[in-house]
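Here is a short tour of how some chains in this assembly meet, with a look at a few residues along the way. Have the viewer open and follow along.

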Amino acid sequence: MSRLLCLILALACGLFAAPVCAAPADTGDALLLIASGRFPDIEKGVALLARSGDARTQAIIEALRDGRLAVAADKRVVIEGANGSWSEAATGEALAEAPPSPKAVRLNNRIRRAVEAALGALTLMAPDAAARRQAAEAVFRSRDATALATLDEAIAREEVAGIRRLMGEARAAILLGDAGASDLQKIEAVDILATRADQDALALLRAAAAQGSPTVREAAEGAITAVERRLAVLSMLQNVWYGLSLGSVLLLAAIGLAITFGVMGIINMAHGEMVMIGAYTTFVIQELARTHAPGLFDWTLPLAIPMAFLVAALVGVAIERGIIRHLYGRPLETLLATWGVSLILQQTVRSLFGPTNREVGAPSYMAGAFDLGGLTITYGRLWIIVFSFAVFSALIVALKATSFGLKIRAVTQNRRMAASMGIRTSWVDTMAFALGSGIAGVAGVALSQIDNVSPNLGQSYIVDSFMVVVFGGVGNLWGTLVSALTLGIANKFLEPFAGAVLGKILLLVFLILFIQKRPRGLFALRGRAVEA
Amino acid sequence: MTRRPILLAMLDGKGAIFLGVLAALAVLVPLSNLFLPETSPLHVPTYAVSLLGKYLSYALLALALDLVWGYCGILSLGHGAFFALGGYAMGMYLMRQIGPRGVYGHPVLPDFMVFLNWQELPWYWSGFDIFPFAALMVLAVPGLLALVFGWLAFRSRVTGVYLSIITQAMTFALMLAFFRNDMGLGGNNGLTDFKDILGFSVQAQGTRLALFVATVIALALGYGVARYMVTSTYGKVLIAIRDAESRTRFLGYRVEHYKLVAFTVSAMMAGVAGALYVPQVGIINPSEFSPANSIEAVVWVAVGGRGTLVGAALGAVVVNMAKSWLTGALPELWLFALGALFIVVTLYLPKGIVGTLAERREKRKATATAKTAGIAAEAAE
Amino acid sequence: MTSPTLTNTVLYLDGVSVTFDGFRAINKLSLAIAPGEMRAIIGPNGAGKTTMMDIITGKTRPDEGEVFFGGMIDLTMLDEAEIAALGIGRKFQKPTVFESHTVADNIRLALAGARSPFSALFGARNRIAEERIDAILSTVRLTEHRTRLAADLSHGQKQWLEIGMLLAQDPKLLLVDEPVAGMTDAETAETAHLLKEIAHEHSVVVVEHDMAFVRDLGCKVTVLHEGSVLAEGSIDAVSANERVIEVYLGR
Ligand SMILES: Nc1ncnc2c1ncn2[C@@H]1O[C@H](COP(=O)(O)OP(=O)(O)O)[C@@H](O)[C@H]1O
Ligand SMILES: [Mg+2]
């Protein structure tokens with residue numbers, strides 16, 4: 001009876017002035033409550049423990065969380081250690097023999113939350129910054145009022161600004177839901193949460209707007225509109241980012257085509273298969289690395305880039321020399337013959353590597369993500385965007401600044417004149433086609449990171465690639481860039497309204513209509529040459 | 001007064017042979033199937049009748065494609081879409097004929113709608129239980145799509161490769177659309193498990209023979225229509241457009257109207273082909289819209305010889321027979337063979353089988369007349 | 001709008017300009033052709049002669065300026081087929097005939113009359129009387145080539161076939177771009193004769209470099225230079241013009 005009284009007292013203490021009341025004696029009471037087996041008591045016990053300040057607290061609560069805290073038949077509370085060892089919960093002393101029929105303490109969701117909150121509060125002052133950050137986040141989520149005191153102390157002590165801000169937000173979250181807090185405190189909390197401006201903050205503010213006093217309500221409503229606006233901007237930015245990432249994939253797939261189709265006027269339906277060949281080259285290199293030099297795994301992608309270029313370019317040379325060369329000036333026939341090539345390439349790869357998807361791994365630098373002012377940026381996407389822009393710039397430079405580029409432009413503008421100036425036009429044709437194919441191969445390296453590497457890989461890009469080139473204006477590389485990014489972003493903005501498939505259909509229909517209006521694309525060249 | 005020459009011109013040598021072969025097929029195949037004992041080497045089993053019917057519906061598709069590609073230079077990479085739309089129109093009729101005999105036993109709704117928890121038939125399914133209406137739709141739906149698409153494309157003078165690419169985009173977009181369950185046309189699985197057509201079981205031997213004969217007749221009619229078109233002055237204008245489009249404009253011809261007529265008629269023919277294909281094959285699904293299908297049809301025409309009509313039909317049958325045989329015997333070789341076919345035909349046989357034969361015969365005739373002229377000259381000396 | 005010259009012209013151009021990628025091919029060009037008139041246009045290569053014909057026939061849209069046919073029909077609003085249907089025929093610089101058609105069929109397609117697909121399928125266009133074709137063929141002296149493919153004709157014969165197609169069209173105004181390029185002297189003289197004959201009933205605009213041929217035509221001459229009119233008058237007056245000698249004829 002007296003024990004129970006003391007317990008109630010202690011509880012009351014804990015609520016109002018936890019640190020003062022902290023005494024090891026609480027641990028014993030808390031364990032008694034936990035041993036009772038009734039959920040409300042267990043919850044109270046956890047709260048009591050959290051405030052006890054006892055060095056054992058963390059071990060006990062963690063054991064509880066992990067289901068290792070048990071009550072023996074003799075009412076002793078024990079902790080199960082690794083490989084069947086047991087220890088006394090209150091003291092941490094190892095037990096020589098297993099306690100009689102220990103029963104794990106059961107948890108329900110409420111208690112689980114209390115446990116999380118308790119652990120959060122506990123680690124708020126841990127020496128490890130990452131742990132403190134996690135703890136602050138945990139408190140923010142649990143909004144456990146009992147953590148308030150610890151939180152205040154932690155804020156006073158905290159030296160890392162970012163973590164201090166997080167703790168402040170956690171504190172604000174608690175105060176906003178706390179019936180005991182004053183309006184002034186709540187309004188201050190609203191301001192803090194408004195600066196946080198994410199979905200969580202929005203939810204808290206909405207709750208506050210629904211129940212608080214009129215002044216709080218008003219403040220919360222103001223904050224809600226501000227946060228909503230910010231979130232809208234953020235989601236737009238996120239869409240732009242996804243769109244940019246899709247656009248850069250389209251760009252990669254289409255750049256090679258912009259040369260073969262756009263600049264040289266050769267319609268190569270096997271373009272997608274060049275991409276596929278690049279992806280399979282990556283796969284082969286990774287397999288080799290896996291079996292022969294596992295340490296080099298991170299280097300497989302940089303290595304695959306030149307290899308994929310080479311392999312695809314060689315296949316391109318073979319196609320140009322063997323087939324396309326004999327069909328110059330007959331675009332529709334070229335289309336059909338290269339379609340045949342694409343079938344053969346697909347079937348070859350299917351025979352060599354099997355019809356199923358092949359696993360191409362992501363090196364360490366492609367994995368993970370970071371946060372940029374509320375945007376989540378994955379490294380994989382970031383690298384692909386950077387890569388596609390690098391390829392594009394390299395190509396522009398190659399065409400504008402090298403003598404090879406000059407020759408390509410000369411031949412495509414006036415073949416006869418170029419020939420009479422001593423340019424070997426047939427060699428230039430072959431090399432330009434090889435360049436376009438090689439770039440498609442390089443695109444394959446990047447696409448192997450985000451798409452299934454299967455014999456059908458190329459097929460899924462061919463319609464898109466042609467659309468990009470045609471939309472941008474044939475023969476205009478900058479047009480291809482703008483068009484790829486525009487289509488990518490448009491696609492991502494359509495998706496939320498129409499769904500992925502319908503969005504794509506809408507885009508195709510738009511493109512079909514667009515070509516009617518501007519048959520030569522966005523940035524069309526005008527002149528006699530294009531009319532021929 | 002000059003009507004006779006047109007009719008005469010319509011029936012040239014290869015046309016006569018073609019129609020003769022079709023007539024023979026329409027008579028002999030059913031006779032053999034019905035009256036020859038199964039042990040006879042000349043007996044055509046019922047499954048083979050349907051297989052032949054399938055080839056002939058492909059031949060009609062090829063004929064349609066040849067009309068626009070061979071004579072007007074419009075390389076459509078989306079004719080499979082018109083074929084599939086005709087097929088879907090027929091498939092919808094066949095679905096409605098199932099009535100309450102579906103797995104779920106719903107009196108009106110097809111199984112897949114019951115499965116999707118739909119409560120009533122979408123509006124665009126109404127009327128399809130009536131055969132004449134469905135038959136009209138077989139023509140109207142592909143025709144209307146071709147009319148709208150062609151009107152937009154030809155009016156703004158999209159030609160050549162660009163036109164090919166947007167026709168491909170069209171069929172690709174339709175494929176994506178038909179894959180969606182929300183379309184209410186069976187999604188992925190398409191329409192299948194047909195029971196009756198015009199009250200006869202689609203599985204019955206008699207029905208299969210009737211469908212086969214209907215396909216032969218449709219092919220002959222299609223040939224007649226196409227042949228009339230290309231031998232009339234209209235056909236000469238089409239060829240003029242193919243060879244020198246802007247010159248034709250300067251003569252005062254509204255090129256877009258000419259193209260539009262050919263494209264629409266061709267799409268309707270393709271629709272009929274699809275409608276005949278579906279009951280003989282027993283299923284229609286969105287993969288019929290895949291760009292690969294349309295472009296495969298192009299190679300049939302190329303193999304047979306474009307701009308010859310008869311060649312297109314022949315090409316469809318020959319290539320598909322080879323396909324059936326190869327995919328059975330050496331499945332992994334089929335795509336190699338098809339790919340090689342594309343390459344070889346464009347590089348070495350640009351006129352196709354029929355075109356090359358015709359050219360050779362002409363050359364022989366020319367040398368023969370030169371020889372007789374030479375002999376005559378000698379004799380005169 | 002109703003300038004005095006406008007009402008009495010078959011063709012009227014005023015202040016027409018067109019630019020390609022910043023290059024001004026036609027620069028404030030003004031020109032008027034009277035009904036029944038024959039006019040020769042000369043000028044150095046790149047002067048814009050062909051481009052002018054492109055503008056009149058609807059192939060190229062001018063950036064600014066007016067182009068009227070018969071005094072009241074604004075040609076800039078119409079497309080090639082509509083303009084051809086009005087009665088403006090054109091012969092191209094490079095002979096363009098329908099190579100895979102016979103000579104007779106080339107004429108058949110050109111003959112005046114209904115041009116709708118319907119009429120070509122079932123109507124008048126599908127029942128052209130052979131006599132009309134024969135008449136044209138004898139005028140351009142191609143009767144014995146009637147059944148040959150146009151592709152097999154010689155260069156000069158193709159030029160004539162194209163003129164025959166023009167005749168068949170029976171246009172009110174003929175635009176003829178360098179008709180005697182690549183012809184022998186005899187053929188040239190013959191062509192001049194033919195054109196003069198045609199000019200009895202039609203207005204004709206002839207672009208030509210061959211000064212002897214232009215002299216043969218014996219009509220008013222317009223000299224084009226850098227997209228606008230440099231001089232206009234009789235062949236003798238123009239040949240004497242200082243600027244014309246400088247930029248075109250040479251000293
Ligand atoms: N469609 C076009 N695109 C670009 N330049 C053109 C086009 N048409 C004509 N030009 C240019 O306009 C100028 C005039 O050409 P043209 O009319 O053919 O001259 P002419 O017939 O008098 O020799 C030339 O410099 C030519 O290059
Ligand atoms: Mg010229």
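## Where chain B meets chain A

In this predicted model, the side chains of B:R306 and A:E333 come together in a salt bridge, with 2.4 Å from N to O. The count of salt bridges between chain B and chain A is one, and the count of residue pairs in polar contact is two, both residues being at pLDDT 80 or more.

## Where chain B meets chain C

Turn now to the other partner of chain B. Chain B brings 29 residues to this contact and chain C brings 31. The two bury about 2,800 Å² between them, with 61% of it on carbon and sulfur atoms. Which residues of chain B lose the most area to chain C? They are B:R247, B:F250 and B:L251, which together make up 28% of what the chain B side buries.

Five salt bridges are counted between chain B and chain C. In one salt bridge, the side chain of C:E82 meets that of B:R254 at 3.3 Å, N to O. Several helices of chain B each supply at least two residues to the side touching chain C: α1 (3-10), α8 (205-231), α9 (233-243), α10 (245-250) and α11 (255-281). The largest share, eight residues, comes from α9(B).

## A nonpolar patch on chain B

B:V27, B:L28, B:L31, B:L34 and B:F35 form a nonpolar surface patch of about 510 Å². One of these, B:L34, sits in helix α2 (residues 13-35) of chain B. B:L34 counts as partly exposed because its relative accessibility is 45%.

## A glycine inside chain C

Is C:G164 buried or exposed? Its relative accessible area is 0%, so C:G164 is buried. This glycine lies in helix α7 (residues 155-169) of chain C. Beyond its neighbours within four places in sequence, C:G164 is in contact with C:I107, C:I136 and C:V140. C:R141 is 23 residues from C:G164 in sequence, and their C-alpha atoms are 9.2 Å apart in space.

Note on methods: Residues numbered from 1 in each chain as written. Chains lettered and ligands numbered in written order. Predicted model: local features only at pLDDT ≥ 70, side-chain atom pairs only at ≥ 80, totals over all residues. Heavy atoms only, no water. Patch = residues over 30% accessible without salt bridge, like charges linked within 9 Å, V, L, I, M, F, W, Y side chains within 5 Å. Areas by Shrake-Rupley, 256 points an atom, 1.4 Å probe, with all protein chains shown as cover. Salt bridge = Lys/Arg side-chain N within 4 Å of Asp/Glu carboxyl O. Helix = DSSP H or I, 4+ residues; strand = E, 2+ residues; numbered from the N terminus. Buried < 20%, exposed > 50% of the residue type's maximum accessible area, 1.4 Å probe, protein only. Contact = heavy atoms within 4.5 Å. Buried area = accessible area lost by both parts, 1.4 Å probe. Polar contact = N/O pair within 3.5 Å; in protein donor to acceptor, adjacent residues only side chain to side chain.
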